[in-house]
Amino acid sequence: MAWVGLVDVDDRLVFSTRGGLWTSDGTPEGTQLVAALPFYPNGIKNVRGAVFFTDGRGALWKSDLTQSGTTLVRYIEPGFVFHDLTPAA
């Protein structure tokens, strides 16, 4: 499993894999899938305890690290080439 980035949120790590956003306390038992997604979450940023990330194609997402709290914020029509639409931390 390949991962894309690691972000510290309180006492946990947040990271992404193809098809998912994950959280871990550093143990096998404490490593859990937050949300299954049909893309690689890119550019994960911690902003006041919430994480923001993109799908790499113009959609900005936000997560409170629960399945139900992982939602699309907005699709931003790319009129230019971009890589990371997430807020700077």
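**Entry 1: a pair of facing residues.** I started with Asn42, which stands opposite Thr54 in β6. The model I am reading is a predicted one, so I keep that in mind throughout. I then asked how many bridges join strand β5 to β6. I found 4 bridges between β5 (residues 42-47) and β6, and the two strands run antiparallel.

**Entry 2: the turn from β5 to β6.** Next I looked at the hairpin of β5 and β6, which has 2 residues between the strands. Arg48 is found in the loop between these strands. Its phi is near 50°, a positive value in a residue other than glycine. Is Arg48 buried or exposed? I noted that Arg48 counts as exposed, because its relative accessibility is 84% and the cut-off for exposed is over 50%.

**Entry 3: the other neighbour of β6.** I followed β6 to its pairing with strand β7 (residues 59-63). Here too I noted 4 bridges, and β6 and β7 run antiparallel. Val51 stands opposite Ser63 in β7. The hairpin of β6 and β7 has 4 residues between the strands. In this hairpin, Gly56 takes a positive phi near 80°.

**Entry 4: how enclosed is β6?** I wanted to know how many residues of strand β6 (residues 50-54) are buried. The count is 5 of the 5 residues, so β6 is largely enclosed by the rest of the structure. Buried means under 20% relative accessible area.

**Entry 5: past β7.** I moved on to Leu65, which lies in the loop between β7 and β8 (70-75). Leu65 has a positive phi of about 70°, although it is not a glycine.

**Entry 6: charges on the surface.** Last, I went back to the earlier part of the chain. Which residues gather in a patch of negative charge on the surface? I wrote down Asp8, Asp10, Asp11, Asp25 and Glu29. Asp10 is exposed, because its relative accessible area is 66% and the cut-off is over 50%.

How values were computed:
Residues numbered from 1 in each chain as written. Predicted model: local features only at pLDDT ≥ 70, side-chain atom pairs only at ≥ 80, totals over all residues. Heavy atoms only, no water. Patch = residues over 30% accessible without salt bridge, like charges linked within 9 Å, V, L, I, M, F, W, Y side chains within 5 Å. Areas by Shrake-Rupley, 256 points an atom, 1.4 Å probe, with all protein chains shown as cover. Salt bridge = Lys/Arg side-chain N within 4 Å of Asp/Glu carboxyl O. Lys, Arg positive; Asp, Glu negative; His and termini not counted. Charge placed at Lys NZ, Arg CZ, Asp CG, Glu CD. Buried < 20%, exposed > 50% of the residue type's maximum accessible area, 1.4 Å probe, protein only. Pairing = 2+ DSSP bridges.
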